[in-house]
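Visitor: I would like to learn how to read strands and side-chain contacts in a model. Can we work through one together?

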Amino acid sequence: RILAALWSSLLLLRRVGGQGNQRCWAGRFTYDLCCNESLPSGNPDCWDAHRFTYQRCCHSPDEELPAPTPRPVPAGASKRWRLVCETDLGAWMVHELAFYEDENCSQRARYHLRAIESGHQGNFKPAHAFDHWADTTDRLFWYSQEAAPGEAWLGIELFRHVEVKCVRVWHNNIPEVPVALQRWQEVESSWKTVQRWPAFGGAWATLVVSAAEGSQQDSFNAEVSASEIVEL
């Protein structure tokens with residue numbers, strides 16, 4: 001019995017030790033998600049380069065986390081961003097949507113917590129628009145419900161505040177639809193339109209935010225209640 005108890009304790013310690021630093025895990029951030037052995041430094045969406053790092057969370061189970069460092073929120077930054085279709089549609093079909101922190105569309109916004117949406121039909125859920133796959137053969141896409149102008153939208157909620165400077169979208173509403181990039185204002189509890197563009201369908205449309213933010217905000221009232229946010 002003593003040997004069996006010792007063996008059980010050893011197995012328990014191995015299981016706990018194999019889960020990295022327990023201080024790091026909460027919500028969707030788990031050992032299996034973040035310490036992916038197929039990647040040299042784990043899942044980059046899990047790390048912030050200060051408190052949560054690959055070495056500390058995956059290989060240092062006894063290390064304490066540093067105290068969080070308050071960071072000022074840059075003007076124009078937000079944790080929630082969305083792209084809104086501003087025309088009357090039977091439905092909006094989006095194969096892929098990506099938000100970037102630079103004008104060259106090379107630095108994709110990371111620390112992605114969840115997709116947010118206006119609503120979808122059937123099994124055409126918003127996760128399909130963030131699966132890093134889009135072409136003419138793609139059968140997994142987000143398909144909105146029937147919507148009036150400004151009612152069909154798709155976006156993301158992030159772990160930290162970011163400023164989106166470029167958007168890429170592949171949708172199938174041809175030849176084009178007018179779209180607006182909006183960010184969530186926490187103090188006002190409302191959406192603010194950052195910029196508008198025509199987005200051509202059937203291929204990647206690259207939409208770069210101009211330096212004069214909000215220069216194209218005059219045709220649509222973007223303020224809505226927080227209750228419109230729908231989780232996956």
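Visitor: Which side chain does a polar contact of 3.3 Å join to that of Gln-182?

Guide: That of Thr-193. Keep in mind that this is a predicted model. Gln-182 has another polar contact to read: its side chain meets the side chain of Arg-82 at 2.7 Å.

Visitor: Where does Gln-182 lie?

Guide: In strand β7, which covers residues 176-185.

Visitor: Is Gln-182 buried or exposed?

Guide: Buried: its relative accessible area is 0%, and the cut-off for buried is under 20%.

Visitor: How do strands of a sheet pair?

Guide: Through backbone hydrogen bonds, in a parallel or an antiparallel sense. Here, β1 and β7 are antiparallel, with 5 bridges. Arg-82 stands opposite Gln-182 of β7. That pair also has the 2.7 Å side-chain contact.

Visitor: What else pairs with β1, over 7 bridges?

Guide: Strand β5, residues 152-162, again antiparallel. Leu-83 has Leu-154 as its bridge partner in β5.

Visitor: How many residues of β1 are buried?

Guide: 7 of 8; the strand spans residues 78-85 and is mostly covered.

Visitor: What is the strand order in the open sheet of 4 strands?

Guide: β4-β2-β6-β9, with antiparallel pairing. The edges are β4 (142-143) and β9 (204-208), each pairing on one side only.

Visitor: How many bridges join β6 to β9?

Guide: There are 5, and the two strands run antiparallel; β6 spans residues 166-171. For a residue-level view, look at Val-167, which stands opposite Leu-207 in β9.

Methods:
Residues numbered from 1 in each chain as written. Predicted model: local features only at pLDDT ≥ 70, side-chain atom pairs only at ≥ 80, totals over all residues. Heavy atoms only, no water. Buried < 20%, exposed > 50% of the residue type's maximum accessible area, 1.4 Å probe, protein only. Polar contact = N/O pair within 3.5 Å; in protein donor to acceptor, adjacent residues only side chain to side chain. Pairing = 2+ DSSP bridges.
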